[in-house]
Amino acid sequence: MKLENVVPWGRTLEEYQLMFNLNEKDKHKKILGCSDGPASFNAELTQMGGDIISIDPIYQFSKQQISDRIEHVRPIVMEQIIQNTDDYLWNKFSSPLHLERTRLSAMNHFLADYDKGKAEQRYVQGSLPELNFADKEFDLALCSHFLFLYEEHFSLQDHIQSITELVRVSKEVRIYPLLSLEGTQSNYLASIIDHFERLGTKVGLEEVSYEFQKGATTMLVILANE
Ligand SMILES: C[S@@+](CC[C@H](N)C(=O)[O-])C[C@H]1O[C@@H](n2cnc3c(N)ncnc32)[C@H](O)[C@@H]1O
């Protein structure tokens, strides 16, 4: 992965709780944060006593490199959001400025925790579709804003392989959102549900209490076979 292809942008623990319906019991599980990037989820959950490992290809870069890249992409990402404000629901965030402040605060929290988290192996360089973990090493794997969202860059087969790998390393997998960047339901969703149902794996959709990208109100839940 080249740094100039990366658009680091990260969410907070509060958003993860809402996107994935995380309850108190969930927060005490052994969690894999897949594609966590510069989200503050790991830093915040660790401070609360959580047991979490995040994987992302950007963890091959240094704190300074990620920080410089965030500074570079920030105006570009904000410009895109301002151009497309109608695609988003402005209730949790009252304005693009409010959104930008929240995201920067989350990413600064991540950066402040990054070197310590790397030393503690809480931030591990890794990429789907292959993860360097043992079978069922985790209770719960969460994947926010990577699978489905960037479907134009990854095939249905890539998605099936990636989700199969998440189900290999974790007893339960939750994925959000299920929309593509265009804001419409992913073209792969029905085929993926069908694929796992045929294997006898429990798979379903669950409503969540988070919506920023309009219509993104459900997550995919997959329970690994016993
Ligand atoms: C839009 S960000 C989402 C960050 C975080 N999950 C959140 O919701 O705030 C997407 C992340 O996917 C990561 N990514 C890109 N390719 C990946 C791959 N093959 N496997 C896992 N993650 C990948 C990127 O580096 C980036 O950090």
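This report walks through a predicted model, from its ligand site to its salt bridges and surface.

Because the model is predicted, local features need pLDDT of at least 70 and side-chain atom pairs count only at pLDDT 80 or more, while totals for chains, interfaces and linings use all residues. Residues are numbered from 1 along each chain as its sequence is written, and side-chain values use heavy atoms, with hydrogens and water left out.

**Around the ligand**

For R11, a backbone N or O atom lies 2.8 Å from a ligand oxygen. For D56, an N or O atom of the side chain is 2.6 Å from an oxygen atom of the ligand. For S144, a polar side-chain atom lies 2.4 Å from a ligand oxygen. The ligand taken alone exposes 600 Å², and the protein buries 90% of that. Accessible areas come from the Shrake-Rupley method with a 1.4 Å probe, and for residues only the protein chains shown count as cover.

The side chains of H145 and S144 are joined by a polar contact of 2.9 Å. Such a contact is a pair of N or O atoms within 3.5 Å; within protein, one must be able to donate a hydrogen and the other to accept it, and residues adjacent in sequence count only if both atoms are side-chain atoms. H145 sits in the loop between β4 (138–144) and α6 (156–169). Helices (H or I, at least four residues) and strands (E, at least two) are DSSP runs, numbered from the N terminus. H145 is buried, because its relative accessible area is 16%; buried means under 20%, exposed over 50%, and partly exposed in between (1.4 Å probe, protein chains only).

**A buried asparagine**

Next comes N42, which belongs to helix α3 (residues 41–47). At 0% relative accessibility, N42 counts as buried. Its side chain makes a polar contact of 2.9 Å with the side chain of S54, and another, of 2.7 Å, with the side chain of R122.

**Salt bridges**

Side chains of opposite charge can pair when their charged atoms come close. A salt bridge is a side-chain nitrogen of Lys or Arg within 4 Å of a carboxyl oxygen of Asp or Glu, and by this rule the count comes to 15. The table shows some of them.

| Residue | Partner | Closest N and O atoms |
|---|---|---|
| R103 | E15 | 2.7 Å |
| K29 | D26 | 2.9 Å |
| E120 | K116 | 3.1 Å |

What does the pair of R103 and E15 tie together? R103 lies in helix α5 (residues 96–119) and E15 in helix α1, so the pair ties together parts that are 88 residues apart in sequence. R103 is buried, with a relative accessible area of 1%, and E15 is buried, with a value of 1%.

E120 is partly exposed, with a relative accessible area of 40%, whereas D26 is buried, at 3%. Salt bridges that share partners join D26, K29, E172 and R174 into one network.

**Out on the surface**

A nonpolar patch on the surface is formed by Y150, F154 and L181, with about 250 Å² of accessible area together. Patches are made of residues with over 30% relative accessible area and no salt bridge; like charges are joined within 9 Å, and nonpolar side chains (Val, Leu, Ile, Met, Phe, Trp, Tyr) within 5 Å. L181 lies in the loop between β5 (170–176) and α7 (189–198), and at 45% relative accessibility L181 counts as partly exposed.

Finally, E4 is found in the segment before α1 (13–19). E4 is exposed, because its relative accessible area is 54%. E4 and R69 are 65 residues apart in sequence, and their C-alpha atoms are 7.7 Å apart in space.
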